[in-house]
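The structure is shown first, and the notes follow by topic.

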Amino acid sequence: MQASKTRALRATAGLALAGVALAGCASGGGDAGGGDASGPLIVYTNSNGDGRGEWLTEQAAENGFEIDIVGLGGADLTNRIVAEVNNPVGDVVFGLNTMFFETLKAEDAITAYEPTWSDEVPQDAGDPVDGAYWPLVDQAIVTVYDANAVTDPPADVSELWTSDYEGQYEVNTALGEATPQLVVAGILAPYADEDGEVSDEGWEAVDAYFANGSPAVEGSDLYARFEQGDVSYGVLPSGGIIARDAEYGTDTAIVPNADGVPFVTEQIGVIAGTQREEQAQEFIDWFGSAEVQGAFAQEFNAMPVNEGALAQANPEIVELIDSVERADIDYALVREHIGAWVERIELEYLP
Amino acid sequence: MSAAQSATEPRTPADAGMTPQQPVRRPRGATARMLRSPLGIGVVIGTLWFSATFLVMPNVTLLQATFAPDGELSLSAVERLLSSERALRSLGNSVALAATLAVTVNVVGIFIVLVTGWFKMRARRVLWLGYATTFIYGGIVLATGYAFIYGRYGFVTNAVANVWPEMDRDWFSGFMAVVLVMTFATTTNHMLFLSSALAKIDHQSIEAARLMGASNWTILRRIVLPTLRPMIFAVTVLVFLTGLGALTAPLVLGGQDFQTVAPMILSFSRTATSRDIAALLAILLGLATIVLLAILNRVERGGTYFAVAKVASPLEPQAFRTRWGSIVMHVLAWALWAVYVFPVLCAVLFSFADARAVQGGSIGLDDLTIEHWATVLTQPDALSPFLVSVAYSAIASVVVVLGLVLVSRALTTWRGRLSSVIEYVLHIPWILPTILIALGLVMTFDRPQWLVGGQVLQGTIVILGIAYVIVKIPFTLRLLKAAFAAVPDEFEDAARILGAGQLTTIRRVVIPIIAPTMAAVTALNFTSLVDDYDAAVFLYHPLAEPLGIAIRRATEGDANVQAMSITFVYTVLLMLVQGFVLWLVYGRGLRRRRG
């Protein structure tokens, strides 16, 4: 008995010591808090997956920028920046969509800066009013199917969301995330008046959308469900199409949408109150330039907003993006009301 | 995420503080005596400072910002919530799940404890290892693992469908599936705490019963189970809390008919405008817990407990009396073992398999690959998130255990009004979900606070560690109090008579007795913190990225089709780390016992 007690004690002590020792290694030089002007540039982003973070860190280092990437999901990242507004830790934020950047702007969490490449991007893709954030990459949120498997697709997305296709299309119910929020915004925005009040018709559309859909399965990719024959249609940001076609051997086609589809435009901006504002601005000038955006587009099959970078982008992607209509959505209005809309959907309309 | 419960004073051995008490007269002047002892004063001041700074202030700040953003209290959340059928149904489902689990987990958990600690089973050690897999395998990957095995297109479903094509492919979903998965996944507390309570049963009383002709069954029913009752009650409460806070299993396996409230809370806490609903739902869950506890207390009231012998002869495994009894128990035990071990083996297999093959539901030899392992291990700084998380979790779990040893000792020694208040306050982290606690910390410590010496904590590496300590306080306190209650007063009296001071008595007499519980709680805290995401997301320092964040990063991304396999690689790596911790605490003991 006694032996087992001392053993347990020793194990606890061992764990503690190991912890302290590891902490020593892990935090070597780690005290660079939010305040000081030296040290690496802290870059906040939700767009560091698929090796993009590593690529950027490397490219930046070659060009004299020492950066450290903090990568989080879009909603979480926005919450974090807003929560930190009194004592910002990050210097630059990029990758969030227009809606999230509108939130940051409304909370005074970003500060306006006009980059050197400002005339190479269409003004209305960013923030034409205040110039608080600037566009980098475009993605269309499209409804896709596998043309190898589906021979008679609906003529328009609106036909899909009816009982005729009940259970055949995937709906993403994780409404805290960016893409599902944009889908909802795309459905509701046409029915909203200037106070953000949505007509009953709009709510009926949302109701039909969720009631007839098959909820996404946690941990199962949309294309895996295509393969299993579980569903035939689903929503995907255009950036994921090429990789999936290569992986699953599918031939992705897009269901037409007469009202246009929501676009995600990934933006970049300087975090307000940073001690490294000048470096942050230099980084933005470099990262948004036609040359770097072109290289990024080439590497990751992205659709650059910068017109000078288009030539380097994958022609397949350019063609795909050109083939869909951009929905006319007032993002400032959506930003203001999306929280309430999502809440109502979660409380009343989700299956 | 779970909820608070009433703070009652433990009087029975091995009481986790949740056993029902007949109304006791509180000893008079306990608070005064507490404040006369230097140790008492130290503990009171330390605890009050910590509670005020890290438990009360941040959460008040948050609730204020949530319910009264413009300085005016708004209760529109109540209205919005009550009009939602979906929210109320989820709330009902959570309570139903908790109540069901309280029964099923006890049945399975007690069975496990008996076959590993009571009966003379063949290869008992192997059985124990199999059941102990719950210690190293949990969360979202456990749920998806089960889905990949028994779900719509899982292996087992596919295999059965080959033989019997008209089967219902959705057989493993909804309430039944959630209950099964969570039952098999949450027997850890039984394994650790009920087993150690069983080991303390006096062998002599069992011998005596045997000599008087009692059968195995009678001994179990009349001696063993009544003696274990306080600990069974304690772990039942923990199971309850797990059931109420159930997040991933309903999400993955619940289907449309069985969704619980925790995912809703999580999603609402992420939107600024809906945060009041999240807080309200969390508080409702807290109330549900208190009501259910009150009912359990009433049911439990009036039980008399068998005394655990102070000079116990070690318990010896009991041989089976009849051949068929032995056969039945062996078959059941090994069948259960297979249920426990199969998903773990599958997780290892999945980490080596192509994601498409796994999701498609059939893995051939060609689908095996080490590509995912290469991806994880060769990325720059692959190791650093592991080191960061191990360091944070180890430090936080040791700090919280050591700190609370003194606190729970003070709380059990001096049971006055002040200690009840302190105990209540220390349960605050059980009411609010981690993500809200983290937000409260950011919003409070983003400016100099005189309570922490005018420091700005937000943006430093310290704040995440503080958050980890905070979220582990209630669980640790509960179990440490239970352990203290089991220390016989005579030992301390003897030490005091021999001239030992308070601290010496604790160090030389009390701590050695409660060391096994301390070690077990430390290990459990460690494993639950090491892959944390909810606290880290708001608090982690850019230069010290923890594991939970790294896993998310590796598995997100629009073009990442291998995400699932990568998750399984991390799962297996986590199993190795957690298995190592388990070995530190229990492993050498096993070997010694074997030898």
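In this predicted model, A:K105 and A:E102 are joined by a side-chain salt bridge with an N to O distance of 3.8 Å. Both residues belong to helix α4 (residues 98–106) of chain A, where they stand 3 residues apart, about one turn of the helix. A:E102 is buried, at a relative accessible area of 11%.

**Other salt bridges**

- Over all chains, the whole structure holds 16 salt bridges.
- A:R225 pairs with A:E170 in a salt bridge whose closest N and O atoms are 2.9 Å apart.
- Because A:R225 lies in helix α8 (residues 222–228) and A:E170 in strand β6 (residues 170–171), both of chain A, the pair ties together parts that are 55 residues apart in sequence.
- A:R225 is buried at 3% relative accessibility, and A:E170 is buried at 10%.
- In chain B, B:R447 forms a salt bridge with B:D446, with 2.9 Å between the closest N and O atoms.
- B:R447 is partly exposed at 39% relative accessibility, whereas B:D446 is buried at 5%.
- Through shared partners, salt bridges link A:E102, A:K105, A:D127 and A:D130 into one network.

**Negative surface patch**

- A:D193, A:E194, A:D195 and A:E197 form a patch of negative charge on the surface.
- A:D193 is located in the loop between α6 (178–188) and α7 (200–212) of chain A, and is partly exposed with a relative accessible area of 34%.

**Helix α9 of chain A**

- Helix α9 (residues 241–248) has A:I241, A:I242, A:R244 and A:Y248 buried.
- Viewed down the axis of α9(A), the buried residues fall within an arc of 165°, so they line one face of the helix.

Terms used. Residues numbered from 1 in each chain as written. Chains lettered and ligands numbered in written order. Predicted model: local features only at pLDDT ≥ 70, side-chain atom pairs only at ≥ 80, totals over all residues. Heavy atoms only, no water. Patch = residues over 30% accessible without salt bridge, like charges linked within 9 Å, V, L, I, M, F, W, Y side chains within 5 Å. Areas by Shrake-Rupley, 256 points an atom, 1.4 Å probe, with all protein chains shown as cover. Salt bridge = Lys/Arg side-chain N within 4 Å of Asp/Glu carboxyl O. Lys, Arg positive; Asp, Glu negative; His and termini not counted. Charge placed at Lys NZ, Arg CZ, Asp CG, Glu CD. Helix = DSSP H or I, 4+ residues; strand = E, 2+ residues; numbered from the N terminus. Buried < 20%, exposed > 50% of the residue type's maximum accessible area, 1.4 Å probe, protein only. Arc of directions from axis to C-beta.
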